[in-house]
Amino acid sequence: MRVGLLTGGGDCPGLNAVIRAVTRSLIRQCNAEVIGINDGFAGLMEKRTQPLTWDNVGGLLGLGGTILGTTNRLDPLQSEAATQRALDNAQSLGLDAVVAMGGDGTMTIAHGLAQRGLKVVGVPKTIDNDIEGCERSFGFDTAMATATEALERVHTTGQSHGRVMVLETMGRHAGWIALEAGIAGAADIILLPEIDYDVETVARVCQQREQQQHFTLICVGEGAKPAGGQITLDTPAPTDHGKPRLGGVAFALRDQLQPLLKSEVRATVLGHVQRGGSPTPFDRVLSTQFGVRAAQLVLEGEFDRMVTMQAGVLDSIPLSRVAGQNRRIGPNDPLLQMARQVGICFGEAGCA
Ligand code: F6P
């Protein structure tokens, strides 16, 4: 059996750990030949590969990024000719199956190719934790840990200077990183893409805190926007993944709040610090679980499916349930309710 592995979309901590787990599990169980496909689906379109062996995946467990490289260039679904080229190349490379690690975009492509006959298994990766049908993607825990540490750091300096500190986290249109890091990092205000914020309310919370605690810690997801306002874009033009690049809401919020407050408002954008570097122990274990389960799906011939984690249980679901979807924080999410109980404000009018 010959199996190809690829990593698509943005990188995230734990990809190399999955590569190691899939490779070793397939070799151990059926002495499979495993090949890495370079740079996501672009490598399949251009037939660029590298051998993966028991030995050369050694040392990958804690390594950040992806040794296979990744890009959003060359979408095999962009035209019939591109789709056919991807399928032909998979055949001429002698691939009996492909394991595709990625986010919603990669899963959508994987499903499209599966419908055309490619034997593909998906593995959910993203720091954003926004893949439908999966309560925890690997990479999220690491990003959350980094954002939590950053909040704690801006907390101490903000408290020393009596400032309002705004920390912006990634996550695109899902606020999971902001929500969980905000709770873990003791933010006073958390602003999410899922809940439009009212500037006056946010200012009122800061003013109340100016009287007593003399500082305020705000964690804002990059996709958050004021009621009636727009998402802040770093680059309005589409990037290589075809979507506008989000970023800068922390600076926009600073400028909205500053005229309303006595204390100085300072903004920090965390950016790719959240995505790079070594995975946490939790993500190493999760990546290994996902990788071994993906190998099992390949061996059982369970294709057009994605490995998943639901209610703490490892499972798999059809890729059709994932393709084109985005998992966002619901209005009744238990974490939201819990956070409100400890006094965290989500910027909704009337919460202060
Ligand atoms: O989807 C992961 C993510 O890190 C988002 O949180 C962020 O908006 C985006 O990717 C950034 O992508 P890029 O590195 O391509 O600018």
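**Ligand shell**

I sorted the residues of the shell around the ligand by type and got two nonpolar, three polar and five charged. For this sorting, Ala, Val, Leu, Ile, Met, Phe, Trp, Tyr, Cys and Pro count as nonpolar, Asp, Glu, Lys and Arg as charged, and the others, Gly among them, as polar. The model is predicted, so I note that local features need pLDDT of at least 70 and side-chain atom pairs pLDDT 80 or more, while totals for chains, interfaces and linings use all residues. Residues are numbered from 1 along each chain as its sequence is written, and side-chain values use heavy atoms, with hydrogens and water left out.

I then looked up which residues come nearest to the ligand: of the 10 around it, they are Asp 128, Gly 171, Glu 222, His 272 and Arg 275. A residue is near a molecule if one of its heavy atoms lies within 4 Å of it.

I took a polar contact as a pair of N or O atoms within 3.5 Å. Asp 128 has a polar side-chain atom 2.6 Å from a ligand oxygen. For Glu 222, I read 2.5 Å between a side-chain N or O atom and an oxygen of the ligand. For His 272, the distance from a side-chain N or O atom to a ligand oxygen is 2.7 Å. Taken alone the ligand exposes 400 Å², of which the protein buries 82%; the areas come from the Shrake-Rupley method with a 1.4 Å probe.

**Cysteines**

I searched the whole structure for disulfides (cysteine sulfur atoms within 2.5 Å) and found one. It joins Cys 345 and Cys 351, with the sulfur atoms 2.4 Å apart. The torsion about this S-S bond is about -50°, so the disulfide is left-handed.

For burial I used relative accessible area: buried is under 20%, exposed over 50%, partly exposed in between (1.4 Å probe, protein chains only). Cys 345 is buried at 5%, whereas Cys 351 is partly exposed at 35%.

Cys 134 is buried at 1% relative accessibility. The sulfur of Cys 206 is likewise too far for a bond, at 8.7 Å from the closest cysteine sulfur, in Cys 345. Cys 206 is buried at 0%.

**Phe 138**

I located Phe 138 in the loop between strand E5 (120-124) and helix H5 (140-161). Helices (H or I, at least four residues) and strands (E, at least two) are DSSP runs, numbered from the N terminus. Phe 138 is buried, with a relative accessible area of 0%.

Terms used. A polar contact is a pair of N or O atoms within 3.5 Å; within protein, one must be able to donate a hydrogen and the other to accept it, and residues adjacent in sequence count only if both atoms are side-chain atoms.
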